[in-house]
Amino acid sequence: MPRLAPDEMTVLGANAQAEAIRDGRITSEELVSAYLAEVDRREGAVGAWIHLDRDHALSQAREADRAHRDGRAQGPLHGVPVGIKDIFDTEDQPTERGSPIYAGRRPSSDSTAVALLRQAGAVIMGKTVTTEFAFYTPGKTRNPHDPQRTPGGSSSGSAAAVAAGMVPLAIGSQTGGSVIRPASFCGTVGYKPTYGLISRHGMSPLAPSLDHVGVFARSVEDAALLTETMIAFDEADRTTRPRARPELLRTALEEPPAAPVLAFARTPAWPEAEADTIAAFEELRATLGSSVVVAELPEVFNHAIERHSVVMDVEVARSLANEYRTAPLQLSEKMRQHIARGRRLTAQDYLDAVGIVPRLRAALAEMLETCNAIVTPAAPGQAPRGLDSTGNPVFCVIWSLSGAPAITLPLLKGVDGMPMGVQLIGAPGEDARLLRTARWLARRLAAGSGPRKSARPAR
């Protein structure tokens, strides 16, 4: 087979890159070198990385190539580079959690997610920028499409690095909207699996009842591949379960047994939607025709946004109690305010808030018996101008509270030509079905059945 040039390597998806390494059409060293060239070209304007050691990345790639030449076992991501949000411990690179409190911190072991990526053969390219403790205060990253706009947060560096073509895959986390929102703003696929599907051991905790590991990729199938490599029972994170690993990639690549039906729901967040978002989604509905039904969320969802805020603030106050006590002035003012609010809330406030979670999950499961996914905006609109905020996560928080899987696809553009995501939500535990539906939708719109020009479908 003919060998590939550097510009041909980086336009391939991660699945295809792994296959090309296995087939000998490229080496891991060539692939990583090509991405490092993109880092050289784009990083100065984007600022996606907080730690990237070129020599170390290339050393990992060369070892992957030696393993290939020696005929050693190779995992599904063999030789493919992955960016790691800087809240996941890495034994060979710093993990500073977006805070001066942990400047220079060097963990002694990998987080479970990173260990599983290494086991799958991935090259750990470097650490991507996170907001402070994966909360609201922004880091240095800028939107790759417009440096005067936010990339979103808290997984800002991961989303921007993938969107800017500096790495094909990256992992992040979501507690409110920290995967779906930056993926929407930056124009990538962002996927938050069902709560508990991926271990958080070795990931800096923020609000453990809400914290999810998530992924960024350029396609649904690449997101499926990356996620599948990290699914495993982990006794160190008891939200994981000893169960068969779902075949996310195989299922995502299948044709649905019947044409999917999507439930368009004006969630309690709908009043926050901007005018171009409303117009785009109305045209999306018209384009999809009988594939979309208008649905009302059950009453239990009416106060879910407020319940999420209570759970988050209480658990943030607990997770960062030591930092608040010993180094309060090294926390941002906004972080101190949320911690103070969490400390004021009562046990009854918290129990009332978490008490609706089983009801949310049951209501979602029942609703999704008659349709394949719920479809909503991923964010109120395109990425806001300014770098002092990461944008509003209001369209994501219900699904973080419920633990349901969610994915955003870069299918639309706003009035300024910026990306806008279409978010699909599945029933808890039905990740494979959600990914299959998402790929179906992406392919249908890419085939020319997209919304009319005024909705500005992404190319």
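Predicted model: local features only at pLDDT ≥ 70, side-chain atom pairs only at ≥ 80, totals over all residues.
Residues are numbered from 1 along each chain as its sequence is written, and side-chain values use heavy atoms, with hydrogens and water left out.

**Val 261 and its surroundings**

Keep Val 261 selected: its relative accessibility is 25%, so it counts as partly exposed, given that buried means under 20% relative accessible area, exposed over 50%, and partly exposed in between (1.4 Å probe, protein chains only). Leaving aside residues up to four places away in sequence, Val 261 touches Ser 291, Val 293, Cys 371, Asn 372 and Ala 373, a contact being heavy atoms within 4.5 Å.

**The whole chain**

Now zoom out to the protein chain, which has 17 helices and 11 strands. Its radius of gyration is 21 Å, close to the 23 Å that the globule rule gives for 459 residues, so the chain is as compact as a globular protein of that length; the radius is taken over C-alpha atoms, and the rule is 2.2 Å times the number of residues to the power 0.38. The C-alpha trace spans about 60 × 55 × 45 Å along its principal axes. Colour by burial, and 59% of the 459 residues count as buried. Among contacts between residues at least 6 apart in sequence, 76% join residues at least 24 apart. The accessible surface comes to about 17,600 Å², with 49% of it belonging to carbon and sulfur atoms; accessible areas come from the Shrake-Rupley method with a 1.4 Å probe, and for residues only the protein chains shown count as cover.

**Phe 281 in helix 10**

Select helix 10 (residues 275-288) and, within it, Phe 281, which is buried with a relative accessible area of 2%. Val 422 is 141 residues apart from Phe 281 along the chain, and their C-alpha atoms are separated by 8.5 Å. Beyond residues up to four places away in sequence, Phe 281 touches Phe 264, Trp 270, Val 375, Thr 376, Pro 377, Leu 412, Gly 421 and Val 422.

**Backbone geometry**

Most residues other than glycine have a negative phi, and most peptide bonds are trans. With that in mind, select Phe 133, in the loop between strand 3 and helix 6, which has a positive phi of about 50 degrees although it is not a glycine; Phe 133 counts as buried at 2% relative accessibility. Ser 154 has its place in the loop between strand 3 (123-128) and helix 6 (156-163), and a cis peptide bond joins Gly 153 and Ser 154, with omega about 5 degrees. Then move to Arg 97, in the loop between strand 2 (81-85) and helix 5 (112-119), where phi is near 60 degrees, a positive value in a residue other than glycine; at 15% relative accessibility, Arg 97 counts as buried.

**The cavities**

How many cavities of 30 Å³ or more does the count come to? The count comes to five, where a cavity is a set of points on a 1 Å grid over the protein atoms alone at which a 1.4 Å probe fits but cannot get out, and lining residues have an atom within 4 Å of a point. Grid points are joined across faces, edges and corners, and a volume is the space filled by probe spheres set on the points.

The largest cavity holds about 80 Å³ of space; to find it, select its lining residues, among them Phe 135, Tyr 136, Gly 153, Arg 181, Leu 206 and Met 312. By class, this lining has six nonpolar, five polar and one charged residues, with Ala, Val, Leu, Ile, Met, Phe, Trp, Tyr, Cys and Pro counted as nonpolar, Asp, Glu, Lys and Arg as charged, and the others, Gly among them, as polar.

For the second largest cavity, with about 50 Å³ of space, select lining residues including Pro 138, Thr 150, Ser 156, Leu 387 and Thr 390; this lining divides into three nonpolar, seven polar and no charged residues.

Terms used: 1 Å grid on protein atoms, 1.4 Å probe; cavity = no way out; pocket = protein on both sides within 12 Å on 5 of 7 lines; lining within 4 Å. Helix = DSSP H or I, 4+ residues; strand = E, 2+ residues; numbered from the N terminus.
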